[in-house]
Amino acid sequence: MGTRMLTALELVLAELDPAAHTLIIHSTLRGGFCAGADLRELYHGLQATPPSEHAVQLRGFIDRIHRVMDALDMLPLTTIGVVHGVCFGGGFELALTCDMLIAEKSARFCFPELRLGIIPGFGGIPRLRRDVGNGLIRDLLLSGRSVGAKKALAVGLISQMVAGGEGLAAARSLAAQSGKFDATARRAAKAFIKPLPAAELARERDLFVELAQRPAMLAALRRFVESSELRPYLP
């Protein structure tokens, strides 16, 4: 997730049909839903900017992401995420904006941000706290380990687990069911059961910007960019 993807998501939000009842978010990439933030873009952007300007740059970046994520989160229609393979970091946080998640058996969810000396900064922890217990959140955050679709279903992170390649069909079936309900009642129900954790999100933004200005993050980003590993984002 970088500026190119953010621009695309902003266009989607601007062009949504007001008469639509459901939005399905999925990936056609073979490797998975989303591996997270574009760390190379972030690193090169910071390298090209004087350190005295990093706080402003990071704040602008994170505020823009939160505007997009909050808008997706609070859409007055049903949102369904379809996850397969890697769903890490910022990609996990994007998935968490959805009202319901369908995961194929290959799906794995992870917050590897502590490896970079930061916390998830796209709203992931406050959104996840709405759905699951703090024990799982601490495990994901402090261990950096991933959980599979079976565990995600057991703890209530996802609503359905399906076989590989069947996620989109399951989402379309769920969308058809949701579309049968009265639009006003459906919107009211979503607003009632899914409030935006605004105070926590604001604190997260502040903490992310504070941590991201430290030399530890730049050093970790440099290691990531220079790594020859196949999956350097893994803990």
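Me: Why does Phe-109 count as buried?

Reply: In this predicted model, Phe-109 has a relative accessibility of 0%.

Me: Why is the pair of Phe-61 and Phe-122 called edge-to-face?

Reply: Look at the angle: the planes are 70 degrees apart, and over 60 counts as edge-to-face. The ring centres are 6.2 Å apart, and pairing asks for centres within 6.5 Å, so Phe-61 and Phe-122 qualify as a pair. Phe-61 sits in helix α3 and Phe-122 in the loop between β6 and α5, so this pair links parts 61 residues apart in sequence. Both Phe-61 and Phe-122 are buried.

Me: Why is the pair of Phe-92 and Phe-109 called tilted, then?

Reply: Here the planes make 50 degrees. Stacked needs under 30 and edge-to-face over 60, with the rest tilted, so tilted is the word for Phe-92 and Phe-109. Phe-92 belongs to helix α4 and Phe-109 to strand β6, so the pair ties together parts 17 residues apart in sequence. Together with Phe-111, Phe-92 and Phe-109 make one aromatic cluster.

Me: How do you know that the radius of gyration of the chain agrees with a compact globule?

Reply: For 235 residues, a compact globule would come out near 18 Å, and the chain has 18 Å, so the two agree. As for burial, 47% of the 235 residues count as buried.

Conventions
Residues numbered from 1 in each chain as written. Predicted model: local features only at pLDDT ≥ 70, side-chain atom pairs only at ≥ 80, totals over all residues. Heavy atoms only, no water. Rg over C-alpha atoms; globule rule 2.2 N^0.38 Å. Buried < 20%, exposed > 50% of the residue type's maximum accessible area, 1.4 Å probe, protein only. Phe/Tyr/Trp six-rings, centres within 6.5 Å; stacked < 30°, edge-to-face > 60°. Helix = DSSP H or I, 4+ residues; strand = E, 2+ residues; numbered from the N terminus.
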